Amino acid sequence: MAKQGKMKVIKHCHRLEGEVTPPGDKSISHRAVILNSIASGEAEIVNFSPGGDCWSTVSCLRALGARIRRGGTPDFPTLFVSGVGQRGLSEASNVLNAGNSATTIRLLGGLLSSQPFLSIITGDASLRSRPMGRLIEPLRLMGAEIWGREGDSFAPLIIKGRRLHGAEISLSIPSAQIKSAILLAALFARGKTVLQQLVPSRDHSERLLKQMGAELESDGNSISLNPLTSPLKAISFIIPGDISAAAYFLVAAAIHPDARIVVKDCGVNPTRTGIIDALVAMGAKLRIENERVTADEPVADIVVESSKLRGIEIDGEMIPRLIDEIPLLAVAGCFASGKTVIRGAAELRVKESDRIATVSRELTKMGARVEELPDGMVIYGGKALSGAKVDSHLDHRLAMSLAIAGLMARGETIINHAQVVNVSYPSFWSDVASVAKQSRGERQLDCFVANAPRNDKEGCHCKHSEA
Ligand code: S3P
């Protein structure tokens, strides 16, 4: 990538030890603030995701007339939402900006299709290159008037909101964003909507909608929703920790030869725990403790220790359960014996970067052997990695996966465009620094994560300031 962004230096670390509490779940945060904004009543959403993506959703909703107040601290925000009710949103006076967040543009795309006003919604360069035809096509089956750039392929999206009608829709792509967009549109439609999905995807929308009083039935592959006859009821709850953020520490502990990490208060919804199942299948020493439920979402603590991993093959229904963790699974594969084969994951090509290409390219720079497949990759384990200059390609999940590889690699790894982690996990670098230790039992003596000094990009100095 030509332009230089902020860099982080990651040093090989000798011991990983401690507790990490991951930030509030990003997927649940988007849904909690959208649904409470159109509900009736007051909601207090504790542990809202501190990442930029969810703030994009908040700022779009505010521009549409939602009443959302922010409290708590930067790493542990609380939102106070006064629901405006099912007809309370109004036309924004400007173009809505979803930033880097596909969940924001797609979920709001569904909601706004069924609101009686005009909306235009766009995002950053990465988001404007991501496919929107998959959103536009099913919404049009419900009567939506929604258009995109380049023959309805890309954002900006123009939406002339109107009263939609329910429809029977089969989703060919296992996408929770598209499923949720249709459910949001269907809340205000005339008649029932029935959605069929080939493979189940994360079900946070369904869980929240049911608790807020929507008439929704779901048996995994088929979901039916009746339009609202009375407003959704506001719901206050503590958002569980994000397993997609916790995953970096689960993998780090499993692949490191001297490690024990406890991840606290982490969401373990079965539609999201593919990374746990994959690690266990690879031989990880992983324990789930203290299981409980908050707002119908399972939560637990997870303990992981140094393990001897072996390669596995993943495909099919497993893929949506760990779609965001595949770059990280590729890192785990580098430290497993034998081959790790990932197939059926062509969706990776249309994420924040083409993750099949970028993960293969950047891990190869560190000495890994990774082969690209059209719909996945093959990782040949057992080759030691060496520190290198790598690039996040402005993809937060790639930046964090490379950081975990960097803790294991010989020497120093310099990650360019490291600031991108802020879209989902602003305290990632300080959380890594807090568990990276010089040796067993000792306090942290060395600096394992640092900003690259301005004029000496390869050096390491010990200020853990924000990326
Ligand atoms: C998300 C769904 C997934 C995931 C994304 C968050 C959601 O995307 O990759 O990070 O919150 O619904 P797709 O629905 O495109 O698979």
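**Strands, helices and domains**

Author: This is a predicted model. Strand 18 pairs with strand 19 (residues 339-342) in the parallel sense, over two bridges.

Reader: Which residue is the bridge partner of E313?

Author: V341, in strand 19.

Reader: What is the strand order in that open sheet?

Author: The order is 18-19-21-20. The sheet has four strands, and the pairing is mixed.

Reader: Which are the edge strands?

Author: Strand 18 (313-314) and strand 20 (369-373). Each of them pairs on one side only.

Reader: Now helices. Which strands does helix 11 lie across?

Author: Helix 11 (residues 326-334) lies across strand 18, strand 19 and strand 21 (376-380). Its direction is at about 20° to strand 21.

Reader: And which strands does helix 12 lie across?

Author: Strand 20 and strand 21. Helix 12 covers residues 355-365 and runs at about 165° to strand 20.

Reader: Switching to helix pairs. At what angle do helix 13 and helix 14 pack?

Author: At about 20°, with the axes 12 Å apart. Helix 13 is residues 396-408 and helix 14 is residues 428-435. That angle makes helix 13 roughly parallel to helix 14.

Reader: Which residues make the contact?

Author: From helix 13, A399, M400, A403, I404 and L407. From helix 14, F428, W429 and V432. By class, that contact has eight nonpolar residues, no polar and no charged ones.

Reader: Left-handed or right-handed crossing?

Author: The crossing of helix 13 and helix 14 is right-handed.

Reader: Next pair. How far apart are the axes of helix 3 and helix 4?

Author: They are 10 Å apart, and the packing angle is about 20°. Helix 3 spans residues 102-113, and helix 4 spans residues 133-141. Helix 3 and helix 4 are therefore roughly parallel.

Reader: Who makes the contact there?

Author: Helix 3 supplies I105, R106, G109, G110 and S113. Helix 4 supplies R134, L135 and L139.

Reader: How does the contact of helix 3 with helix 4 split by class?

Author: Three nonpolar, three polar and two charged residues. The crossing of helix 3 and helix 4 is right-handed.

Reader: Last topic. How is the chain divided into domains?

Author: Into domain 1 (8-23 + 240-437) and domain 2 (26-238). The C-alpha centres of domain 1 and domain 2 lie 28 Å apart.

Reader: How many residues from each domain does the contact take?

Author: It takes 28 residues from domain 1 and 28 residues from domain 2.

Note on methods. Residues are numbered from 1 along each chain as its sequence is written. This is a predicted model: local features need pLDDT of at least 70, side-chain atom pairs count only at pLDDT 80 or more; totals for chains, interfaces and linings use all residues. Side-chain values use heavy atoms; hydrogens and water are left out. Axes are lines fitted to C-alpha atoms, for helices over the stretch in contact, and angles run from 0 to 180 degrees between N-to-C directions. Angles under 35 degrees count as roughly parallel, over 145 as roughly antiparallel, 65 to 115 as roughly perpendicular and the rest as oblique. A crossing is left-handed if the near helix is turned anticlockwise from the far one by less than a right angle, and right-handed if clockwise. Contact means heavy atoms within 4.5 Å. Ala, Val, Leu, Ile, Met, Phe, Trp, Tyr, Cys and Pro count as nonpolar, Asp, Glu, Lys and Arg as charged, and the others, Gly among them, as polar. Two strands pair if DSSP finds at least two bridges between them. Domain bounds come from an automatic or database domain assignment.
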